[in-house]
Amino acid sequence: MLDVLGLDPDDERVYRALLGRPNSTAPLLGDELGVPHAHVATVLSRLVGWGLVTRSADDRFTAAPPAVALGALISERRDGLRMAEHALVAFAEEHRAAMTVSSINDLIEVVTGADAIRHRFLQVQQAARTQVRSFITAPFVALPPDENTAEPVALGRGVQFRAVLDRAVLAEPGIVDDAIDSLGRGVQLRVADELPMKLVLADADLGLVPLAVTPDGEPGALLLHRSGLLDALDALFETVWRTAHPLALSATGGKAESTVEVGPQGPTELDRRILGLLLAGLTDLTAAAQLGLSARTLHRRLRHLMDMAGVRSRMQLGAHAVRHGWVEPH
């Protein structure tokens with residue numbers, strides 16, 4: 001029922017449960033709903049962020065009054081729809097004006113074949129003057145991230161790079177090391193649960209949108225020049241960027257499990273990478289595989305971190321890590 005406000009079924013289910021059980025904890029709600037505690041904790045964090053739920057100092061949760069909390073969301077959605085209507089009129093006028101001086105062939109170029117897409121992918125980044133923005137999903141059509149030779153060159157001349165990774169990409173072999181390299185060069189990375197498309201934008205002038213393979217089995221893409229459609233993709237990227245989770249990782253100097261022991265003074269770089277991946281939504285097994293650890297070692301590190309933070313749950317550990325600068329906050 002509340003999906004029109006941006007809530008998924010689990011969000012609504014937990015909120016409804018809290019209406020009848022104020023001052024509940026995530027484990028209590030999880031047991032009542034038959035849902036894993038960690039998942040309930042994630043849902044509660046979202047609800048707190050939306051103002052639908054309040055959290056006490058001892059991590060107990062209470063549903064905000066529906067008339068106030070849901071009323072605010074409904075008002076925001078109405079305002080958003082009004083803004084979208086205004087944008088639609090502006091886009092339509094811009095498109096009409098552009099079409100009076102340009103043919104559609106001047107605005108959209110169809111690119112076919114992996115080599116041609118790879119060439120355009122590099123060209124788009126080379127053409128950027130201020131920023132390159134991208135959605136990264138698997139499988140990789142143009143180039144895997146570690147072969148993107150245009151990125152370091154553009155960074156060297158002061159171009160800003162921002163990228164949103166589809167959460168599933170973090171399970172690809174070697175992607176975490178590639179992400180660490182990019183973060184070290186100044187690239188800003190965030191993670192979204194699911195991205196609608198692949199996308200590369202150079203400033204507000206060029207966009208490359210890979211498409212499905214053609215009937216002949218070759219990949220295709222659209223190269224877009226300045227137009228109303230490109231403006232819409234620009235707005236889409238910024239909307240997804242605002243809601244995506246920042247990815248904070250750093251190098252550990254090696255992956256061997258012999259390097260994981262630490263003193264009591266604070267988390268190691270490996271601990272920060274573990275927290276960064278888990279807060280980005282990876283499962284324990286996927287995070288352990290990316291870091292070259294066994295699941296047992298990863299669990300031991302988490303237990304050590306919980307003891308260090310003086311907390312009893314992963315949700316509390318995540319909150320402690322953000323408050324104390326162990327990971328980048330959302």
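Modeller: Let's start with a definition: a residue is buried under 20% relative accessible area, exposed over 50%, and partly exposed in between. Keep in mind that this is a predicted model.

Colleague: Fine. Is Asn 23 buried, exposed or partly exposed, and why?

Modeller: Asn 23 has a relative accessible area of 45%, so it is partly exposed. You'll find Asn 23 in the loop between helix 1 and helix 2. Its backbone deserves a look too: phi of Asn 23 is near 65 degrees, a positive value in a residue other than glycine.

Colleague: And why does Gly 310 count as it does?

Modeller: The cut-off for exposed is over 50%. Gly 310 is exposed because its relative accessibility is 64%. Gly 310 is also a loop residue, placed between helix 12 and helix 13. From Gly 310 to His 320 you count 10 residues in sequence, and their C-alpha atoms are 9.2 Å apart in space.

Colleague: Before more single residues, what does the whole protein look like? How many helices and strands are there?

Modeller: There are 13 helices and 10 strands. Of the 330 residues, 42% count as buried. Contacts tell you how the chain comes together: among those between residues at least 6 apart in sequence, 70% join residues at least 24 apart.

Colleague: Back to accessibility, then. Does Asp 203 count as buried or exposed, and why?

Modeller: Asp 203 counts as buried because its relative accessibility is 8%. Asp 203 belongs to the loop between strand 7 (199–202) and strand 8 (206–213).

Colleague: Which residues is Asp 203 in contact with?

Modeller: Leave aside neighbours within four places in sequence, and the contacts of Asp 203 are Ala 127, Ala 128, Arg 129, Thr 130, Gln 131 and Arg 133. With Thr 130 there is a polar contact of 2.6 Å between the side chains.

Colleague: Which residues of helix 13 are buried, and what covers them?

Modeller: Met 315, Leu 317, Gly 318, His 320 and Ala 321 are the buried ones. The cover over them includes helix 3, strand 2 (61–63), helix 10 (269–279) and helix 12 (295–309). After helix 13 comes Gly 325, with a positive phi near 75 degrees.

Colleague: Helix 3 turned up there. What about Val 48?

Modeller: Val 48 sits in helix 3 and is partly exposed, because its relative accessible area is 28%. Not counting residues up to four places away in sequence, Val 48 touches Val 53, Arg 55 and Phe 61. Val 48 and Ala 63 lie 15 residues apart in sequence, with 9.1 Å between their C-alpha atoms.

Colleague: How do you read empty space?

Modeller: Rolling a probe the size of a water molecule over the atoms shows where empty space is left. In this structure, the search finds 3 cavities of 30 Å³ or more. The second largest cavity has a volume of about 40 Å³.

Colleague: Which residues line the second largest cavity?

Modeller: Asp 10, Arg 13, Val 14, Leu 33, Val 35, His 39 and Val 40. That makes 4 nonpolar, 1 polar and 2 charged.

How values were computed:
Residues are numbered from 1 along each chain as its sequence is written. This is a predicted model: local features need pLDDT of at least 70, side-chain atom pairs count only at pLDDT 80 or more; totals for chains, interfaces and linings use all residues. Side-chain values use heavy atoms; hydrogens and water are left out. Helices (H or I, at least four residues) and strands (E, at least two) are DSSP runs, numbered from the N terminus. Buried means under 20% relative accessible area, exposed over 50%, partly exposed in between (1.4 Å probe, protein chains only). A polar contact is a pair of N or O atoms within 3.5 Å; within protein, one must be able to donate a hydrogen and the other to accept it, and residues adjacent in sequence count only if both atoms are side-chain atoms. Contact means heavy atoms within 4.5 Å. On a 1 Å grid over the protein atoms alone, a cavity is a set of points where a 1.4 Å probe fits but cannot get out, and a pocket is an open set with protein on both sides within 12 Å along at least five of seven lines; lining residues have an atom within 4 Å of a point. Grid points are joined across faces, edges and corners, and a volume is the space filled by probe spheres set on the points. Ala, Val, Leu, Ile, Met, Phe, Trp, Tyr, Cys and Pro count as nonpolar, Asp, Glu, Lys and Arg as charged, and the others, Gly among them, as polar.
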